[in-house]
Amino acid sequence: MSSTVLSLSNVSKRYGDFTAVNRINLSIPKGSVYGFLGPNGAGKTTTIRMILDIIRPDEGEIEVLGCKSAMQVRDRIGYLPEEKGLYKKMKVWAIISYFATLKGIHRKDAKLRAFELLEQYGLKDFANSTVESLSKGMGQKVQVLSSIAHNPELVILDEPFSGLDPVNQEVLEQLIRDLKNNGQTVIFSTHIMQHAERLCERLLLITQGSKVFDGTVDEARAIIPRRVILECQNDVMALADLEGVLSVSETFVGGEGRIPGTRQWELYVKEHTNPQLILQHCFQNGISLSRFDFTQTSLHDVFVHLVGQEAREHNFR
Ligand SMILES: Nc1ncnc2c1ncn2[C@@H]1O[C@H](COP(=O)(O)OP(=O)(O)OP(=O)(O)O)[C@@H](O)[C@H]1O
Ligand SMILES: [Mg+2]
């Protein structure tokens, strides 16, 4: 059996003269948590809708769970659309149960499953409330539960975190981890890099309809050099001669909380540079550091780097 649950080859979507999605290739391994990232209008929702066969690509091939159309395997897929909304008059447990029955789960089992999910994800006390009495965020949680109640092999969530408070964002993160631990494959779109950073093994980054990156989070981080911040009273330009150090420059921002008389330096180093080399140099040269930050490159920095670059390339055309 193939370990790929979803593949896109050369998939494009045009609206008139405008290309919303441009020749995207992608392969999503079974059991992975996959993030779709990109700025507003990048083409994430359009791609998701094509995967689900809600809209047809103008060119290219999509294969979902071994089939040419998601419609053929709809009971094995769970989907949270970008525009959220549920039947307002129904009770919370009943709506979750109803969605599960639509996907082939027996009524009795669906009801049990609804109560189980509500208990597990902190909504037990709302089981008998009507949807219209829920806050927006709680309604959204209920909709997420409705989309996974039938235990789908592939779960696709379009902006599941938007509108959730920090506590419920954590609950949703846990839900996604639970799905993964259960062997299910999860694709979600987001603008919030931290969710992708914490949850995803792999990501797709698109901008203006085109793929600018797909791969693991570590591969994404390796795209740009790591940054080191130092604070001390000395000039440390000599660090530029150390192995792995790409550049050293003094920065004049973020003075708050800095010890008076200290200077701040920014170093860019190669991905696998050993920070001990920098510390050793400082120690041997009598440089006393009041700050030493050797943090991991954030996805945010990678995102800005790649999306900025793409934007520049477009401007040059
Ligand atoms: N039905 C349509 N007709 C015309 N243009 C469309 C249509 N649907 C989407 N587009 C355009 O395609 C582009 C991609 O839209 P899409 O909704 O896929 O972006 P997105 O990455 O999901 O953005 P967001 O982060 O804002 O949700 C946008 O420029 C959008 O205006
Ligand atoms: Mg969208």
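Let me start with one contact. On the α2 side it involves Val 92, Trp 93, Ile 96, Ser 97, Ala 100 and Thr 101, and these meet Arg 107, Ala 110, Lys 111, Arg 113, Ala 114, Phe 115, Leu 117 and Leu 118 in α3. Sorted by class, this contact of α2 with α3 has 9 nonpolar, 2 polar and 3 charged residues.

Before going on, please note that what you are looking at is a predicted model.

How do the two helices sit against each other? The axis of α2 and that of helix α3, residues 107-120, come within 8 Å and cross at roughly 130 degrees. An angle over 145 degrees would count as roughly antiparallel, and 65 to 115 as roughly perpendicular. The two helices are therefore oblique to each other. As for the hand, α2 and α3 make a right-handed crossing.

Now the wider view. The protein chain has 9 helices and 13 strands. Its C-alpha trace spans about 75 × 50 × 35 Å along the principal axes. There are 317 residues in the chain, and buried residues make up 36% of them. If you take the contacts between residues at least 6 apart in sequence, 69% join residues at least 24 apart.

The chain is divided into two domains: domain 1 covers 4-221 and domain 2 covers 226-296. How far apart are the C-alpha centres of domain 1 and domain 2? The distance is 42 Å.

Helix α2, residues 92-102, and helix α4, residues 136-148, have axes that come within 7 Å and cross at roughly 30 degrees. That angle makes α2 roughly parallel to α4, because angles under 35 degrees are counted that way. The crossing of α2 past α4 is right-handed. Which residues of α2 meet α4? They are Val 92, Ile 95, Ile 96 and Phe 99, and on the α4 side the partners are Val 142, Leu 145 and Ser 146. By class, the residues of this contact of α2 with α4 divide into 6 nonpolar, 1 polar and no charged. Val 92 and Ile 96 are listed in the contact with α4, and Val 92 and Ile 96 are also listed in the contact with α3.

The axes of α4 and helix α5, residues 166-181, come within 11 Å and cross at roughly 5 degrees. α4 and α5 are therefore roughly parallel to each other. In α4, the residues involved are Gly 137, Lys 141, Val 144 and Ile 148, and they meet Asn 168, Leu 172, Leu 175 and Leu 179 in α5. The contact of α4 with α5 has 5 nonpolar, 2 polar and 1 charged residues by class.

Next, two residues with a particular backbone angle. As background, most residues other than glycine have a negative phi. Asp 53 has a phi near 60 degrees, a positive value in a residue other than glycine. Where is Asp 53? Asp 53 is in the loop between α1, 44-51, and β4, 59-64. Asp 53 is partly exposed, with 18 other C-beta atoms within 10 Å.

Asn 151 also has a positive phi, about 55 degrees, although it is not a glycine. You will find Asn 151 in the loop between α4 and β6, the latter being 154-158. Asn 151 has 15 C-beta neighbours inside 10 Å and so counts as partly exposed.

Pro 29 is in strand β2, residues 18-29. With 14 other C-beta atoms within 10 Å, Pro 29 is partly exposed. Leaving aside neighbours within four places in sequence, Pro 29 is in contact with Ser 3 and Thr 4. Pro 29 and Ser 7 are 22 residues apart in sequence, and their C-alpha atoms are 9.0 Å apart in space.

The other one is Val 212, in strand β9, residues 210-216. Is Val 212 buried or exposed? Val 212 counts as buried, because it has 20 C-beta neighbours inside 10 Å, and 20 or more is the cut-off for buried. Val 212 and Leu 306 are 94 residues apart along the chain, with their C-alpha atoms separated by 6.9 Å.

Key: Residues are numbered from 1 along each chain as its sequence is written. Chains are lettered from A and ligands numbered from 1 in the order in which they are written. This is a predicted model: local features need pLDDT of at least 70, side-chain atom pairs count only at pLDDT 80 or more; totals for chains, interfaces and linings use all residues. Axes are lines fitted to C-alpha atoms, for helices over the stretch in contact, and angles run from 0 to 180 degrees between N-to-C directions. Helices (H or I, at least four residues) and strands (E, at least two) are DSSP runs, numbered from the N terminus. A crossing is left-handed if the near helix is turned anticlockwise from the far one by less than a right angle, and right-handed if clockwise. Two residues are in contact if their C-beta atoms, placed from the backbone, lie within 7 Å. Ala, Val, Leu, Ile, Met, Phe, Trp, Tyr, Cys and Pro count as nonpolar, Asp, Glu, Lys and Arg as charged, and the others, Gly among them, as polar. A residue is buried if 20 or more other C-beta atoms lie within 10 Å of its own, exposed if 12 or fewer, and partly exposed in between; C-beta atoms are placed from the backbone. Domain bounds come from an automatic or database domain assignment.
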